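Have a look at the model first, and then we can walk through it together.

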Amino acid sequence: MHPVAATITIGRAPECAVVLTDVLVSRHHAELRQVGGRWQLVDLGSWNGTHVNGKRITTAEIGPDDVIGIGHALFRLSGDKLVEYTDDGDIGFAASDLVVTRSGKRLLDGVGFTLPQRSVLAVVGPSGAGKSTLLGALTGQRPADTGHVHYAGRDLYEAYDELRQRIGLVPQDDILHPQLTVRRALRYAAELRFPADTPAEDRERRVEEVLAELGLSGHAEQRISTLSGGQRKRTSVALELLTRPSLLFLDEPTSGLDPGMDKSVMQTLRALADGGRTVVVVTHSPAQLDLCDRVLVLAPGGKPAYFGPPGEALAYFGQADFADMFLLLDQSRDVDWAKRFRESPVHARYLGPAAPAAAPVATRQPPERRRAQQPAWRQFAVLCRRYLAVIAADRAYALFLLGLPRCSACSRRSCRATPACRGRRARRRRIRASSSCCWCWGARSWGSPPRSGRW
């Protein structure tokens with residue numbers, strides 16, 4: 001709680017009246033001013049924005065019912081006090097009656113659940129059951145046509161501008177530069193994700209904290225290409241944890257891993273939840289579901305067939321193992337699994353009485369592109385330095401680039417000396433052929449670059 005003066009500066013700098021030690025907060029982030037008996041909130045050019053009731057603002061009038069969001073902190077005026085609430089990760093997460101239709105086909109049909117704080121939810125089901133569609137709806141990247149997603153009691157879609165900063169998403173394919181070491185990859189990611197005015201020592205401190213939290217300190221100087229599958233997946237998780245998300249989503253995090261690595265990754269996610277986060281995992285692997293608090297089973301057509309503890313799922317379906325359960329769902333498409341679940345005691349026990357379907361609403365639009373945390377010139381400089389580091393880390397490719405001009409020059413000289421190449425058109429063909437061979441050799445020596453994605 002902070003006493004209210006005529007002007008209150010909020011930011012990360014020590015001289016601010018309200019100091020927030022948050023990597024998402026700029027040094028001088030926002031200012032609360034009293035103008036003619038009313039309070040006005042002004043954003044001071046912050047990189048991650050100042051939000052009022054979930055919407056990003058530059059200037060806004062503030063009343064006692066308004067919620068101010070700056071980084072992970074929430075503020076509300078209460079008389080002559082500015083009351084602060086900090087999102088430390090202990091948040092509940094819920095979805096209700098999510099429906100998604102694309103090209104006339106129903107991909108999600110009335111999916112809902114309630115997840116308490118510090119929990120791990122596994123989303124499972126046969127192929128084509130809508131797991132990826134549900135992931136897009138829960139993260140807010142591809143909102144559901146109808147229904148709601150609530151984060152700590154707040155509508156995620158309504159306050160997405162603000163709440164998107166508290167969500168981390170780890171895709172199925174690792175977005176990593178294998179030529180870099182783990183620590184160096186995290187350093188570049190921190191430079192790109194943190195506000196431009198974040199000191200280097202603060203970025204380095206956060207990188208070391210994440211390395212320690214995920215048990216990667218002993219591998220920090222190891223090249224990503226030499227890591228095991230489980231260690232690479234933990235490195236991908238580390239990239240998302242840099243900004244301290246309260247809600248973490250993972251798409252098939254154990255895909256392609258052996259049973260030992262599968263268990264190691266799931267144990268890591270269990271530890272992250274116990275440390276104060278909510279974790280949602282989309283998976284095909286049922287081997288470690290006992291580490292999850294809840295499992296959501298989707299039937300073909302995106303219908304919820306079960307939600308509850310993993311230990312009760314097989315008994316509910318009357319199957320001996322999860323493989324048989326997947327086969328049952330895939331082969332019994334004429335069964336209304338959603339209706340069966342709504343009328344079951346399991347639904348009443350873990351979700352309460354079935355609620356009436358939500359009224360249709362106007363089709364929601366995908367969220368606007370997030371504003372950059374950095375000036376364009378600074379992002380370009382960081383990306384260039386990272387690209388040069390990637391090239392320098394691969395000696396074969398670096399030598400190829402150094403020798404390419406000499407190789408091209410030799411090709412030109414040899415082409416001029418050949419009588420058959422004295423014609424201009426023939427000479428151009430020879431040069432293009434030799435350059436193509438050189439380029440193919442270099443691409444083969446360097447390997448495929450990482451897929452595009454979040455920095």
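H3 and H4 cross in a right-handed sense (right-handed means the near helix is turned clockwise from the far one by less than a right angle, left-handed anticlockwise). This is a predicted model, where local features need pLDDT of at least 70 and side-chain atom pairs count only at pLDDT 80 or more, while totals for chains, interfaces and linings use all residues. Residues are numbered from 1 along each chain as its sequence is written, and side-chain values use heavy atoms, with hydrogens and water left out.

**H3 with H4**
- The axes of helix H3 (residues 182–193) and helix H4 (residues 200–213) come within 10 Å and cross at roughly 130 degrees (axes are lines fitted to C-alpha atoms over the stretch in contact, with angles from 0 to 180 degrees between N-to-C directions; helices are DSSP runs of H or I, at least four residues, numbered from the N terminus).
- H3 and H4 are therefore oblique to each other (under 35 degrees counts as roughly parallel, over 145 as roughly antiparallel, 65 to 115 as roughly perpendicular and the rest as oblique).
- On the H3 side, the contact (heavy atoms within 4.5 Å) is made by Val 182, Arg 183, Leu 186, Arg 187, Ala 190 and Glu 191; H4 brings Arg 203, Glu 204, Val 207, Glu 208 and Leu 211.
- Sorted by class, this contact has five nonpolar, no polar and six charged residues (Ala, Val, Leu, Ile, Met, Phe, Trp, Tyr, Cys and Pro count as nonpolar, Asp, Glu, Lys and Arg as charged, and the others, Gly among them, as polar).

**H3 with H11**
- H3 also packs with helix H11 (residues 376–393): their axes come within 10 Å and cross at roughly 170 degrees.
- The two helices, H3 and H11, are therefore roughly antiparallel.
- Arg 184, Tyr 188, Glu 191 and Leu 192 of H3 are in contact with H11, whose residues there include Val 382 and Leu 383.

**H5 with H6**
- The axes of helix H5 (residues 229–241) and helix H6 (residues 259–274) come within 9 Å, crossing at roughly 25 degrees.
- That makes H5 roughly parallel to H6.
- Among the residues that meet are Val 237 and Leu 241 in H5 and Val 265 and Leu 272 in H6.

**The cavity**
- The structure holds one cavity of 30 Å³ or more (a set of points on a 1 Å grid over the protein atoms alone, where a 1.4 Å probe fits but cannot get out; lining residues have an atom within 4 Å of a point).
- The largest cavity has about 40 Å³ of space, and its lining includes Asp 262 and Met 266.

Key: On a 1 Å grid over the protein atoms alone, a cavity is a set of points where a 1.4 Å probe fits but cannot get out, and a pocket is an open set with protein on both sides within 12 Å along at least five of seven lines; lining residues have an atom within 4 Å of a point. Grid points are joined across faces, edges and corners, and a volume is the space filled by probe spheres set on the points.
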